[in-house]
Amino acid sequence: MGTLHSQSHNLIATKMSAPSRAATLLIAERFGPTLQGEGPSIGQPALFIRLSRCNLSCTWCDTPYTWDTKRFDLRQQSDRVLVTDLVTWALDHPVTLIVITGGEPLLQQRHLSALTEPLLQAGRRVEIETNGTVAPDPALLVDGLRFNVSPKLANAGLSSDMRLKAAALETLAASGRAVFKFVACDVADLDEIAEIAERFSMKQVWVMPEGVTPDDVLGGALALAEAVIARGWSLSPRLHVLLWGDERGR
Ligand SMILES: Nc1nc2[nH]cc(C(=O)O)c2c(=O)[nH]1
Ligand code: SF4
Ligand SMILES: [Mg+2]
């Protein structure tokens with residue numbers, strides 16, 4: 001019910017505040033070049049952008065500074081940055097792979113294509129590491145972009161309702177742009193992986209040992225290897241952990 005005056009005032013206010021609404025993302029850190037340590041691109045040089053915040057709280061999470069308010073002051077652990085600054089930073093390096101991780105990066109997907117589009121246009125490949133609980137926007141289902149989806153098993157200490165969202169997993173599995181990477185603590189976890197993979201018609205299955213020390217990752221990989229081979233799946237260690245332990249920014 002505004003008067004002409006207040007309508008034009010609103011218009012001016014909208015125009016004036018436009019620059020402050022430029023796309024931003026809440027990040028925990030950005031680092032690299034390092035090596036993609038997990039999944040199908042393991043060993044390849046990559047830059048990492050780690051978004052802050054997560055909708056899960058896995059017991060063995062190695063990035064609790066993105067979500068755990070009991071242990072961390074998230075305001076200190078995160079920065080709101082312009083997407084354009086992230087693009088400039090990423091394109092400043094001659095590194096062809098950019099990994100967007102978290103936390104759960106798809107919680108901020110409204111502003112993610114503003115990041116991924118210029119990177120893809122510049123010939124970079126983009127991988128998004130996601131926990132598979134959020135369906136990706138169609139704008140993200142494009143050539144050059146892949147989802148490394150890590151659905152959580154019971155070993156994450158969460159109810160299945162929280163960690164397995166059927167609609168999101170179905171969308172990701174049907175997209176043809178997702179691989180599925182499960183964190184296993186022991187061989188018994190493989191039955192649970194098989195059930196989930198079957199239920200959602202996941203074609204590319206990777207198994208990765210849990211652990212933040214080289215000994216745990218190597219021991220876990222060794223314990224899982226034969227059973228993973230027998231199922232026809234792939235095995236990923238955590239290369240950055242083998243090389244650098246749980247050092248941050250690696
Ligand atoms: N080098 C390296 N590779 C990674 N792949 C996935 C990571 C992640 O934290 O999601 C990660 C990470 O933190 N470091
Ligand atoms: S989904 Fe990933 S980031 Fe979130 S709590 Fe679990 S392991 Fe941590
Ligand atoms: Mg990590």
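Which residue in β8 is the bridge partner of Phe 182? Select both and you'll find that the partner is Val 207. The chain crosses from β7 to β8 through helix α6 (residues 189-199), and this β-α-β crossover is right-handed. Here right-handed means that, with the strands pointing away from the viewer, the path from the first strand over the helix to the second runs clockwise. Helices (H or I, at least four residues) and strands (E, at least two) are DSSP runs, numbered from the N terminus.

**Before going further**

This is a predicted model, in which local features need pLDDT of at least 70 and side-chain atom pairs count only at pLDDT 80 or more, while totals for chains, interfaces and linings use all residues. Residues are numbered from 1 along each chain as its sequence is written, chains are lettered from A and ligands numbered from 1 in the order in which they are written, and side-chain values use heavy atoms, leaving out hydrogens and water.

The protein chain averages 94, and 92% of the residues score at least 70. Now select residues 1-9: pLDDT is below 50 there, and beyond near neighbours in sequence the stretch has one contact in the model (contact means heavy atoms within 4.5 Å). Residues 11-15 also have pLDDT below 50, with one contact beyond near neighbours in sequence. Where pLDDT is low, the predicted coordinates should not be read in detail.

**Stop 1: the sheet**

Show the strands. You're looking at an open sheet of nine, in the order β3-β1-β2-β4-β5-β6-β7-β8-β9, with mixed pairing. (Two strands pair if DSSP finds at least two bridges between them.) β3 and β9 stand at the edges with a single partner strand each, so one side of each has no neighbour in the sheet.

Pick Ile 27 and you'll see Asp 79 of β3 standing opposite.

**Stop 2: strand β8**

Select residues 205-209. Are the residues of β8 buried or exposed? Five of the five are buried, so the strand is largely enclosed by the rest of the structure. Buried means under 20% relative accessible area, exposed over 50%, and partly exposed in between (1.4 Å probe, protein chains only).

Now look to either side. β7 and β8 pair in the parallel sense over five bridges. Two bridges join β8 to β9 (residues 234-235), again running parallel, and in β9 the bridge partner of Val 207 is Leu 235. Helix α7 (residues 214-231) makes a right-handed β-α-β unit with β8 and β9.

**Stop 3: helix α5**

Select residues 166-174. Ala 168, Leu 169, Leu 172 and Ala 173 are the buried ones. They cover an arc of only 125 degrees around the axis, which puts them on the same side of α5. (The arc is that of the directions from the helix axis to the C-beta atoms.) On the other side of α5, Ala 167 and Ala 174 are exposed. What covers the buried residues includes β6 (145-149) and β7 (178-184).

**Stop 4**

Jump to α2. Val 83, Leu 86, Val 87, Trp 89 and Ala 90 are buried. Seen down the axis of α2, they fall within an arc of 165 degrees, so they line one face of the helix. Thr 84 and Thr 88 are exposed on the other side.

The largest nonpolar core has 46 residues; such a core is a set of buried Ala, Val, Leu, Ile, Met, Phe, Trp, Tyr and Cys residues joined through side-chain atoms within 4.5 Å. α2 (residues 83-91) gives the most to this core, with five residues. Members that touch the most others include Leu 112, Phe 147 and Phe 180.

**Last stop: Ala 114**

Finish in helix α3, where you'll find Ala 114. Ala 114 is partly exposed, with a relative accessible area of 37%. Leaving aside neighbours within four places in sequence, Ala 114 is in contact with Ala 23, Val 83 and Val 87.

Methods: pLDDT = per-residue confidence, 0-100.
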